[in-house]
Amino acid sequence: MKRNKYELLAPAGDMAALKAAVSAGANAIYLGYDEFSARAKAKNFNKEELEEATHYAHLRGVEIYVTFNILIADFEVKRAMESVKMLYDIGVDALILQDIGIAAKIREDFPDFELHASTQMAVNNYYGAKFLKEMGFSRLVLARETPIFEIEKIKDLDIDVETFIHGALCVSYSGQCLMSSMIGGKSGNRGECAQACRRSYEIIDFDGKKLAKRLYYLSPKDLNTLGDVAKIIKAGGYFLKIEGRMKNPEYVYTVVSSYKKSLEGKLQEEDKEDTIQVFNRGFTKGLFNGDFGRDFTSYDRPDNRGIEIGRVLEVGKNFAKIIFDTDIFEGDGLEFNSSKGRFGMKSREFYKAGQVYQVELFKIPLENSKINRTYSKKLYEKIDEKIDSYDYKRKVDVDLKIKIGENPKIYLKSGDLEGSYTLDRLVEPAKKAGLERGRVIENISKTGDSIFEVENINLDLDDSAFLPISAINELRREGLKIIEDKILSGSIERVQVEDNLQVHESKIKVGKSLIKVFFNKFEDLKKVELNKIDEIIIRAKDLEKFKKYYGDKNISIYLDKFYSYNELERLRAYILKNKNLKGLWINNLSEYYIFKDDGLELNADIGLNIFNKNSLDFFKNLGFKSATLSPEMNSGQIQSIIKGQDMEVNVISYGRVPVMTMKHCPYSIEKKCKDEKNCPSCKSKNYLLRDEKSVDFEVLRQNTFTEIFNSYPILLDVYVNKLKENKISLVLLADEFTDQVIDLYKNYNEEDFYKLKEKLEDKYQAVTKGHINRGIVSG
């Protein structure tokens, strides 16, 4: 599917935004259905609205992609597949998916439905792209962090590459953020993210000493690549995606219009200014373009900052003297800075640029402070006028034959489409005056508010022929409907896609509940009696050190969630040199693909977001030995998913779960790092982020990525006995208490549980059962 032209893909939260996007020049629209969409707070579209949206877009040559990009619980699968059937029948062009199990089921039930892999699948390299291509996906929406060199590599595959070019960014790799979920039960994997990244934090050390003041260390600027789209296209990212399904139509129109002009070489300074004014948190070119630290992060504030348009010159008791650099109109949104923070107001009158005004304000701003305009009434009026004036027309040539004694016939041609319609009545000779040629042409040309405009008419009209004007109108109306139907029927092409993934029957059968421990830090190994553990899991970087201290003991290797294609190749070469490896813990689809034929035991870890039986069976059929269920599943879901299961299933039963995985380093804001060059030698790799409620989250920088861990460790109570009865294995995330946790879980009793709980609360303030009781879905 290699392309030599671009597709500009716009967001739409409702019909008004969709029409704005089309009028601005979008080639495709992505939008959400009422259910199963990763923007649960957006208005989204019901069935009737989707039919209207698809009809409207297809008539104008614009494609419709529906976001079906959340994790889906087992009890929802039947309803989800009914929704897929409805979307298929409506004729939407493609589905954007996160859930790998649901994707596999759709591929089986609807083999010619075009599937796009959501950025929530977290695929960021060549081998992940190869996996998805062989699974039958036609398009990959890359992780936003994917570097240009990786896009250039993926270009060699026959799969469409879609990249984000503008809008809000997630600081975590999409699909790998559990922070909102663990804090308050609002999961980004269900479209309900509470945006913990937009909150302020302090940086402290493990002794409680403040290392950096309270700022918005996790809040990215908005992406803006207006000056870089040509580079993205050249690399192979022909499908250019604008974020913003929560944004208003004016935002959608402005951003789409600016990028359309940029791609056509027509971008003006005014377009750049409008793009800034309509919404911005400050702009970054993105991690993939080399921005880092302060260039990437809106660390001083997490919200729209508008444009600086004036200053406060002097303040008195009840007034302020102000001056503006540009005309300010009544209704404009103005923002001032005070000693207690920012405050906003609507302009109550017109202010001319360059004049000093003395105004009364309800709060006193700081003297010599800037004034920002966060909303421009004139800009919105200008945009609304452009949207309202949009009038798409498709040229039609008409041949009309009206001959006495024959059935009147109309033949229409529009582009490469042709159609004809014959009226079921004969043309009669006129009793008085015959049809006037001019009036026939006038009525045939009346296309009203349709998308058609008659360009040329060839009229073969007998003198003294008679036909009612209503019949002429019927000829026009039915003829245009035939062309319209041909546009709609030809707008979606269903082509069956083959699934080329090999299926391997898993040879591992469930025996008993095992205890498996992952050591994120090598020093924690020294605190545990290793003989108690059924499977020891370490990082690849600790392999040589482990062999030095512990000899040839069998171990498994945990694979990080993200690698570039060349890092994966080097890692594979290194791992295959080592003996006594029990297996690999896979966190990304690319890791499965590169290691699938090497004979190692493969275990699906939490990075693969296994949330239903379909996903569990999918990885079982690929030959995985075991699978760790998503930590967002509750006990009811766990009990449901394991019924009749003969694959090893793991549940995280103890430890602090990683809640964010990101390229960004929060401490880079304080250190003013410009790139990642000093990361390997940096001594500030492990610290705490303290939130507004004085809750601490450990941060660990390894190589060139950062993980943030939940503030409180999971500690399951007597429920572990239920897991063990069902032969579910227990995964422990190691720390200084792991040895005691192992003893507790090997022979559970309530007294030991509360003793250990008390110790953990002294260390971490609290413990949690995670989502075992609450989960992120209800039903």
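Guide: Gladly. A residue is buried under 20% relative accessible area, exposed over 50%, and partly exposed in between. Keep in mind that this is a predicted model.

Visitor: Why does Phe 329 count as partly exposed?

Guide: Phe 329 has 26% relative accessibility.

Visitor: What makes Phe 329 and Phe 350 an aromatic pair, and why is the pair called tilted?

Guide: The two rings are 5.3 Å centre to centre, and a pair needs centres within 6.5 Å. The planes make 55°; under 30 degrees would be stacked and over 60 edge-to-face, so the label is tilted. Phe 329 lies in the loop between strand 14 and strand 15, and Phe 350 in the loop between strand 16 and strand 17, so the pair ties together parts 21 residues apart in sequence.

Visitor: Why is the pair of Phe 131 and Tyr 592 called edge-to-face?

Guide: Here the angle between the planes is 90°, and the label applies over 60 degrees. The centres of Phe 131 and Tyr 592 are 5.7 Å apart. Phe 131 is in helix 5 and Tyr 592 in helix 16, 461 residues apart.

Visitor: How do you know whether Phe 131 and Tyr 592 are buried or exposed?

Guide: Phe 131 has a relative accessible area of 0% and Tyr 592 one of 3%. Buried means under 20%, so Phe 131 is buried and so is Tyr 592. Both belong to one aromatic cluster, together with Phe 618, Phe 619 and Phe 624.

Visitor: What makes the link between the side chains of Asn 520 and Gln 702 a polar contact?

Guide: The distance is 3.4 Å, and the cut-off is within 3.5 Å. Asn 520 also has a polar contact of 2.6 Å with the side chain of Arg 539. Asn 520 sits in the loop between strand 25 and strand 26, and its relative accessible area of 11% makes Asn 520 buried.

Visitor: How do you know that Arg 144 sits over the ring of Phe 164?

Guide: Arg 144 lies over the face of Phe 164 at 3.9 Å from the ring centre, and the distance limit is within 6 Å. Lys 596 lies over the face of Tyr 593 at 4.9 Å from the ring centre.

Definitions and conventions. Residues numbered from 1 in each chain as written. Predicted model: local features only at pLDDT ≥ 70, side-chain atom pairs only at ≥ 80, totals over all residues. Heavy atoms only, no water. Helix = DSSP H or I, 4+ residues; strand = E, 2+ residues; numbered from the N terminus. Buried < 20%, exposed > 50% of the residue type's maximum accessible area, 1.4 Å probe, protein only. Polar contact = N/O pair within 3.5 Å; in protein donor to acceptor, adjacent residues only side chain to side chain. Phe/Tyr/Trp six-rings, centres within 6.5 Å; stacked < 30°, edge-to-face > 60°. Lys NZ or Arg CZ within 6 Å of the ring centre and 35° of its normal.
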